[in-house]
Amino acid sequence: MAGRKQFDVDEALRRAMYVFWRWGYSEASVDRLTEGTGLGRSSLYGTFGDKSTLFRKSLQRYAQTYHPLYDQALSGPHSSPGAVVAAYLQVTLNRIADPTVPDGCLLTVSATQFPALDAEGRAMVRAMIEGLRAMLEQALLAAGADDQEAAELALCTLATNKSLAVLSRAGFSGEDLATVAAAAARNAKAPPNRPAEPSGPR
């Protein structure tokens with residue numbers, strides 16, 4: 001049929017997502033995108049629009065793929081805030097250990113290139129990060145943290161998540177990353193600047 005696309009649009013978007021994930025927005029040139037997707041420039045532009053639009057669609061695809069895994073991990077029930085942190089970070093470790101995807105995290109590498117993004121792209125990155133933060137806070141509250149503890153631990157866990165992505169891109173081993181995640185889960189018992197309650201009689 002005339003005008004019918006002779007390629008899998010969803011697969012092309014997945015491949016474009018990997019290009020942005022591997023190179024970041026700034027270095028994801030049109031040549032790299034055409035090579036990565038296997039599409040010519042006219043097909044790439046005709047199907048997905050300009051680079052900024054393709055980037056936003058790739059971000060959306062990334063969130064649709066991975067954020068439900070975090071939601072599932074946080075659904076609990078969890079015995080403690082530390083268990084929430086451990087469950088959340090295990091999803092990150094599992095993704096990093098997957099040899100079929102690029103190192104790190106598309107959302108993290110996009111955040112590091114914030115100035116290169118257009119306003120809509122920046123807003124989308126920030127909204128996705130805030131969504132993960134809110135997801136963490138709700139799970140921490142359900143696990144017994146008070147409002148302040150949940151807010152602090154959600155932010156610190158999010159920061160640990162992003163640091164794991166950066167360390168993985170720098171070649172740190174899976175063992176090193178697991179050590180970071182385990183320490184974060186242990187430290188969740190005593191939020192930053194708030195000493196743990198004495199365990200013995202007073």
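Predicted model: local features only at pLDDT ≥ 70, side-chain atom pairs only at ≥ 80, totals over all residues.
Local features need pLDDT of at least 70 and side-chain atom pairs count only at pLDDT 80 or more, while totals for chains, interfaces and linings use all residues. Residues are numbered from 1 along each chain as its sequence is written, and side-chain values use heavy atoms, with hydrogens and water left out.

View 1. Helices (H or I, at least four residues) and strands (E, at least two) are DSSP runs, numbered from the N terminus. The C-alpha atoms fill a box of roughly 80 × 30 × 30 Å along the principal axes. Of the 202 residues, 42% are buried (under 20% relative accessible area; exposed is over 50%, partly exposed in between; 1.4 Å probe, protein chains only). Among contacts (heavy atoms within 4.5 Å) with a separation of 6 or more, 69% join residues 24 or more positions apart. The accessible surface is about 10,700 Å², and carbon and sulfur atoms hold 53% of that. Areas come from the Shrake-Rupley method with a 1.4 Å probe; for residues, only the protein chains shown count as cover.

**View 2. Helix H4 packs against helix H7.** H4 spans residues 51–74 and H7 residues 119–142. Their axes lie 11 Å apart, at an angle of about 5°. H4 is therefore roughly parallel to H7 (under 35 degrees; over 145 is roughly antiparallel, 65 to 115 roughly perpendicular, the rest oblique). The H4 side of the contact includes Phe-55, Leu-59, His-67 and Tyr-70. The H7 side includes Met-124, Met-128, Leu-132 and Met-135. Axes are lines fitted to C-alpha atoms, for helices over the stretch in contact; angles run from 0 to 180 degrees between N-to-C directions.

**View 3. Arg-22 sits in helix H1 (residues 9–27).** Arg-22 is partly exposed, with a relative accessible area of 43%. Beyond neighbours within four places in sequence, Arg-22 touches Pro-102 and Arg-169. Arg-169 is 147 residues away along the chain, yet the two C-alpha atoms are separated by 9.3 Å.

**View 4. Thr-160 lies in helix H8 (residues 147–169).** Thr-160 counts as buried, at 14% relative accessibility. Setting aside neighbours within four places in sequence, Thr-160 contacts Leu-89, Val-180 and Ala-184.
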